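Good morning, and thank you for joining.

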Amino acid sequence: MSKNQYKSAVTGFLILLIFAIGCTKIDTTSLGQDLIPSVDNIHTFDTTFNVIAINYDNIAQCDTVHRNDLQALGLISNDPYFGKTNAAIYVEMKPSYFPYNFPVASPDSLVVDSAVLVLKYSYSFGDTNALQKINVYQLSDSFKVGNNYTSCTALGFDNSVLYGTKTFYPYQLKDSVHALKEEASSQLRIPILTSLAQSMITDSAGIFRTDQNFVDFFKGFAIVADQNFPGQQALSYFDLTSASSRLAIYVRATNKGVTDTTVISFGVSGLTGQANSVIHDRGTSEITAHLNHPAQGDSLVYIQTSPGSYALLTIPGLTGLSNRVINRAELIVDQEYSPNSYNDIFNAPVNLYIDAKDPGISPDSYIPLPCDFTSTELQSNFATMGGGLKQAKDNMGNNIGEYVFNISRYLQSIVTKGKTSLTLRLSAPNYVNYTSTYTDWCGQGIIPISFVRNNIGNGRVKLNGSNNTPTRMRLHIVYSVL
């Protein structure tokens, strides 16, 4: 371990130790640490509690998509577990100031060679070997510039004129690009009608006088998946804040008898609006047969990254748990093994997350897990709590995904403070958002927080739930007797 790593480890340990002492006297154990005493069944024991998990769908949820988030684009036409997902990008691209003048004395001397809508590519979720088709139209709805729109926002557009179209394989978007005076990579480049760019130049004196003049001329682009193109099975993610994302107009200008080709770019700025819709249609997919909310719990749990689905968890065995020192309490959630190829195509979410419903604090919303999450401990407690996807094997030796949550402090507070076990929510949120200020069970001050956990719509997983298989959802506890 390097010197800096050692300092970081010691600092993190001291922060957690101070926090534990401040919670209750009994918490001065190795709660939340990897230093767990061995189970000898004399002083230290372990046990496992069953978890009752019930599926809930939440496709009507509208998640805020921030302007600096990666934006999803594409169509998953048929995921057998979750159905259809359609993602569209709506964006203005224009000069960053007005009035704007083209870089020649007379715009009449400019001749448009081509125009290209460029989107900076990041990655894809789904089948990157399936052909995709994207169409570009003109918006009919105007933006409220500066707003963060939600994933439910599908702006209106005029589909009578197709301004551009592009058919591509997502895996090819990482390839190098050789454009005029530019060597780049990771771009989706959609050819746009040159007539749009030429009209901007021809009428530039009026169009570029003010921002409103420009919006009156052209409200922006609707970039949408072609719904009639078969076989599309991926969402691709783009960074609109990158300087690479722009409307590039390639023009020839003649000056003093010399003709030169140059590029004029209009991008995303504080003057431009943008929105990203992510809309699900379950159809007859598997999840629809698992939304009956049986009292004994669902044997299979379906989690889709928001705006998607979630599960509510209860652990009845915790009621009346005898006094003990909780050395480690882990909620273990395993992916159901499937021999088909869909799990390889549609990846599990990068992060799952658990929070709680406490009627005494917030009867109408969820709160961070008491004692196991604090907005003052390194800003967030995600690393200590866990919930990140890791690889594991089921009881047959098959490779599966697994999520493990360390909820030791929460369980210790139930034991030592006589608190009631809460209903937990298991989800794959885009952002973790809390707006309340209050003090939790351990005297921790909780303040409003917003923290990204997953990119919108990226990931889905089918999990083992409330059944009798060895990989059922379970709470494993290592404890010492007093």
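Pro99 lies in the loop between β4 (83–91) and β5 (110–126); here helices (H or I, at least four residues) and strands (E, at least two) are DSSP runs, numbered from the N terminus. The peptide bond that joins Phe98 to Pro99 is cis, with omega near -5 degrees.

A word on the source. The model is a predicted one, in which local features need pLDDT of at least 70 and side-chain atom pairs count only at pLDDT 80 or more, while totals for chains, interfaces and linings use all residues. Residues are numbered from 1 along each chain as its sequence is written, and side-chain values use heavy atoms, with hydrogens and water left out.

A cis peptide bond also links Ser306 to Pro307, with omega near 5 degrees. Pro307 is placed in the loop between β17 (300–304) and β18 (309–314).

I turn to backbone angles. Ser186 is not a glycine, and its phi is positive, near 55 degrees. This serine sits in the loop between β10 (182–185) and β11 (187–192). Is Ser186 buried or exposed? Ser186 counts as buried because its relative accessibility is 9%, where buried means under 20% relative accessible area, exposed over 50%, and partly exposed in between (1.4 Å probe, protein chains only).

His293, also a residue other than glycine, has a positive phi of about 60 degrees. The loop that holds His293 runs between β16 (274–281) and β17. With a relative accessible area of 37%, His293 is partly exposed.

Next, Phe405. This residue belongs to strand β22 (residues 399–406), and it is buried, at a relative accessible area of 0%. What does Phe405 contact, leaving aside its neighbours within four places in sequence? Its partners, with contact meaning heavy atoms within 4.5 Å, include Ala329, Leu331, Val333, Leu352, Ile354, Met385 and Leu426. For Ile354, the separation from Phe405 is 51 residues in sequence and 8.2 Å in space, C-alpha to C-alpha.

Now the pockets and cavities. Both are found on a 1 Å grid over the protein atoms alone: a cavity is a set of points where a 1.4 Å probe fits but cannot get out, a pocket is an open set with protein on both sides within 12 Å along at least five of seven lines, and lining residues have an atom within 4 Å of a point. Grid points are joined across faces, edges and corners, and a volume is the space filled by probe spheres set on the points.

The largest pocket has a volume of about 490 Å³. It is lined by 29 residues, and those closest to its centre are Gln61, Asp355, Arg425, Tyr431 and Asn433. Two or more lining residues come from each of β18, β20 (353–357), β23 (423–427) and β24 (431–434). Which element gives the most to this lining? It is β24, with four residues. By class, the pocket lining has eleven nonpolar, 15 polar and three charged residues; Ala, Val, Leu, Ile, Met, Phe, Trp, Tyr, Cys and Pro count as nonpolar, Asp, Glu, Lys and Arg as charged, and the others, Gly among them, as polar.

Finally, there is one cavity of 30 Å³ or more, and the volume of the largest cavity is about 50 Å³. Among the residues that line this cavity are Ile76, Asp79, Phe82, Phe125, Phe346 and Arg460. The elements giving two or more residues to the cavity lining are β3 (71–79) and β4. Four nonpolar, four polar and two charged residues make up that lining.
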